[in-house]
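Reader: I am new to reading protein models. Can you take me through one, feature by feature?

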Amino acid sequence: MKHTPLIRLERVSKHYILENGDRYPALTDITLTIGQGEFAAIMGPSGSGKSTLMHILGALDTASSGCQFFRDRDISAYSPNQLAEIRNRDIGFVFQSFNLLPRTSVLKNVERPMVYGGIEKNERRQRALEMLALMKIADKAESMSNRLSGGQVQRVAIARALVMDPAIILADEPTGNLDTKTAHEIMEFIKELNKKGKTIVVITHEEDIARYAHRQIRLLDGRVVSDTHT
């Protein structure tokens, strides 16, 4: 199946300068396209470059060399403010650590991206409640986030990622802090989102989680060593 390119990396490398002055190559010569409507898993052991690649795909970081395109626009030289606008409008993030404000209601947590996006208060509430209903957790809207179970918190995090109707969801080890049963429930939710047309990229080191995706991209030592479709 042919997908319209959404994110395209051309010969992207990323290195960091260590305290002793040495250069550490986190990614080397990555050429990769993520198409609209795809469900891809980026896999590899710890230290393989998975999170660095996700940060670049999500415009949280910039490459040391190479080019990055988002919807056919070269964003390689975009300013921090321009990248922040893309992140807020077009990219939804789900993290292993959830990143919710703990002593804040579920509803307020889900509304946060819309506050930054300048969306009016009544619309923020309506859209947040719709996303919580989609994730089957609307009954917890007024609960404090630190009163929820891990699975409930991750559903809230996904609702927050969806609330701006982003072009792509990037999920970094989204089941890493969950028990096996809850992890697979979360992945079923993510699979359903993809069936409805949402582009999904999941970062994982777990084979059973990667199998939910239709494409597995494997990294080793900062390089793509395989890219297969199922």
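Author: Start with a term. A nonpolar core is a set of buried Ala, Val, Leu, Ile, Met, Phe, Trp, Tyr and Cys residues joined through side-chain atoms within 4.5 Å. Keep in mind that this model is predicted.

Reader: How many residues does the largest nonpolar core have, and which have the most contacts inside it?

Author: First the general idea. In soluble globular proteins, nonpolar side chains tend to be buried together. Here the largest nonpolar core has 41 residues. Phe39, Leu132, Val156 and Ile158 have the most contacts inside it. Among the elements that give two or more residues to this core are strand 3 (39–43), helix 5 (150–162) and strand 8 (199–204). Helix 5 gives the most, with 7 residues. There is also a second, separate core of 29 residues, which includes Leu9, Leu27, Ile34 and Ile42.

Reader: Which residues is valine 156 in contact with, leaving aside its neighbours within four places in sequence?

Author: They are Leu100, Val106, Val110, Leu132, Ile137 and Leu148.

Reader: And valine 202: is it buried or exposed?

Author: Valine 202 sits in strand 8. Its relative accessibility is 2%, so it counts as buried. Again leaving aside neighbours within four places in sequence, valine 202 is in contact with Phe39, Ala40, Ala41, Ile42, Ala171, Pro174, Met187 and Ile209.

Reader: Next, helix pairs. How are two packed helices described?

Author: By the angle between their axes and the distance between the axes. Take helix 3 (residues 106–116) and helix 4 (residues 121–134). Their axes come within 9 Å and cross at roughly 120°. Helix 3 and helix 4 are therefore oblique to each other. Their crossing is right-handed. Helix 3 makes the contact with Val106, Leu107, Val110, Glu111, Met114 and Val115. Helix 4 brings Arg124, Arg125, Arg127, Ala128, Leu129 and Leu132. By class, this contact has 8 nonpolar, no polar and 4 charged residues.

Reader: Last topic: phi. What is phi near in lysine 136?

Author: The general idea comes first. Most residues other than glycine have a negative phi. In lysine 136, phi is near 60°, a positive value in a residue other than glycine. Lysine 136 lies in the loop between helix 4 and helix 5. At 60% relative accessibility, lysine 136 counts as exposed.

Reader: What about glutamate 173: where is its place, and is it buried or exposed?

Author: Glutamate 173 is in the loop between strand 7 and helix 6. Its phi is near 45°, a positive value in a residue other than glycine. Glutamate 173 counts as buried, because its relative accessibility is 10%.

Terms used:
Residues are numbered from 1 along each chain as its sequence is written. This is a predicted model: local features need pLDDT of at least 70, side-chain atom pairs count only at pLDDT 80 or more; totals for chains, interfaces and linings use all residues. Side-chain values use heavy atoms; hydrogens and water are left out. Axes are lines fitted to C-alpha atoms, for helices over the stretch in contact, and angles run from 0 to 180 degrees between N-to-C directions. Helices (H or I, at least four residues) and strands (E, at least two) are DSSP runs, numbered from the N terminus. Angles under 35 degrees count as roughly parallel, over 145 as roughly antiparallel, 65 to 115 as roughly perpendicular and the rest as oblique. A crossing is left-handed if the near helix is turned anticlockwise from the far one by less than a right angle, and right-handed if clockwise. Contact means heavy atoms within 4.5 Å. Ala, Val, Leu, Ile, Met, Phe, Trp, Tyr, Cys and Pro count as nonpolar, Asp, Glu, Lys and Arg as charged, and the others, Gly among them, as polar. Buried means under 20% relative accessible area, exposed over 50%, partly exposed in between (1.4 Å probe, protein chains only).
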